[in-house]
Amino acid sequence: MTDSLSPYLQLTYSQPDVLWWNTEYSSVNASEAELNKLWDSTIPWESGIIAIPNEEADRMGLPESQPFPWDSHRKKIYIMNAHHLLHCVRNIYISIHQYRTNQEQTIRYEHILHCLDSLRVETMCTADDTPRYVPLNTAHNGYRPGDGQQRQCRDWNQVQEFVKAHDPCYRYLRPGDPDQSNLERFSFCPLDSEYLPKIRKYYGYDDDWVPSPAEGPREIQW
C-alpha cells in the first residue's frame, strides 16, 4: 500500500479494515425502523459543511468560496467531499425507502441523479484496486465476495476532527423547504461560541437565547 499523503489533510492508508458484503446499514435482520434511524441520523454528512480561516485556505491552495456569514472577512465556507458523498448515499436511501413504502418523494429526481453521478465519478477517481475474493461454491458457508478480507483505509477520525475544528454552527433544517433561510441553518452555535452575540443581535433575540438542538426524525420515520 502506498504511503503517499492525501493533498489536504495529509492522510495515509494507516487504518486496517475488513470488507463485508453487509454491514449494520444493510443488515437483512434489521427492522425498517432500525435501518431508517441509521441512514437518517447517524451518517455525519451534515458536519462536512465547514468554515475555514482565509489564511488556512490559502495555505491549502483552495479556491475562493462563499464567506462565512458571521465572520465574512476572516472565514469562508467549504464542503468536505467525503461528506458530500455521505449526503448522497443518504439521499438515495431515503428515495428508495419512500418508493418502497409508496410515500411522496421528498428529494427531486435531478438531485438523486446528481448523487448517483457523483458516486460514479468518485468511484472512478478513487479507483480502489482491492481484488475481492469469491468464496468457493463448496465452502460458501453464508459468505459473499470479499467477506472478511483485509485492507487499509485512511483514518476517518482525522477527517472528523478537522471538520469539528472548523464547525460553522450548521444544521440542515426542514430539508427540501424552499422557504427555509439558509442563513438560519448557520445559527446552531455552542454556548461558548463567539458568534452567538452576533446571531442574537441579527435576529433580535434576547441575551439568554440559545439555539434548540435539531433532533429526531427529519426525513423518514424511525
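User: Which cysteine is joined to Cys 88 by a disulfide?
Analyst: This is a predicted model, where local features need pLDDT of at least 70, side-chain atom pairs count only at pLDDT 80 or more, and totals for chains, interfaces and linings use all residues. Residues are numbered from 1 along each chain as its sequence is written, and side-chain values use heavy atoms, with hydrogens and water left out. A disulfide here is a pair of cysteine sulfur atoms within 2.5 Å. At 2.4 Å from S to S, the partner of Cys 88 is Cys 115.

User: How many residues apart in sequence are the parts that Cys 88 and Cys 115 tie together?
Analyst: Helices are DSSP runs (H or I, at least four residues), numbered from the N terminus. Cys 88 lies in helix H3 (residues 81-100), and Cys 115 lies in helix H4 (residues 109-126). The pair therefore ties together parts at a sequence separation of 27 residues.

User: Is Cys 115 buried or exposed?
Analyst: Buried means under 20% relative accessible area, exposed over 50%, and partly exposed in between (1.4 Å probe, protein chains only). Cys 115 has 0% relative accessibility, so Cys 115 is buried.

User: Is the disulfide of Cys 169 and Cys 189 left-handed or right-handed?
Analyst: Cys 169 and Cys 189 are joined with an S to S distance of 2.2 Å. The torsion about their S-S bond is about 100°. That makes the disulfide right-handed.

User: Why is Cys 125 too far for a bond with the closest cysteine sulfur?
Analyst: Cys 125 counts as exposed, at 61% relative accessibility. The closest cysteine sulfur belongs to Cys 88. It is too far for a bond because the distance is 15 Å.

User: Are H1 and H3 roughly parallel or roughly antiparallel to each other?
Analyst: Helix H1 (residues 32-41) packs on H3 at an angle of about 150°, with the axes 9 Å apart. Axes are lines fitted to C-alpha atoms, for helices over the stretch in contact, and angles run from 0 to 180 degrees between N-to-C directions. Angles under 35 degrees count as roughly parallel, over 145 as roughly antiparallel, 65 to 115 as roughly perpendicular and the rest as oblique. H1 and H3 are therefore roughly antiparallel.

User: Which residues of H1 make the contact with H3?
Analyst: Contact means heavy atoms within 4.5 Å. On the H3 side, the residues include Val 89, Tyr 93 and Ile 94. On the H1 side, they are Glu 32, Leu 35, Asn 36, Trp 39 and Asp 40.

How values were computed. Helices (H or I, at least four residues) and strands (E, at least two) are DSSP runs, numbered from the N terminus.
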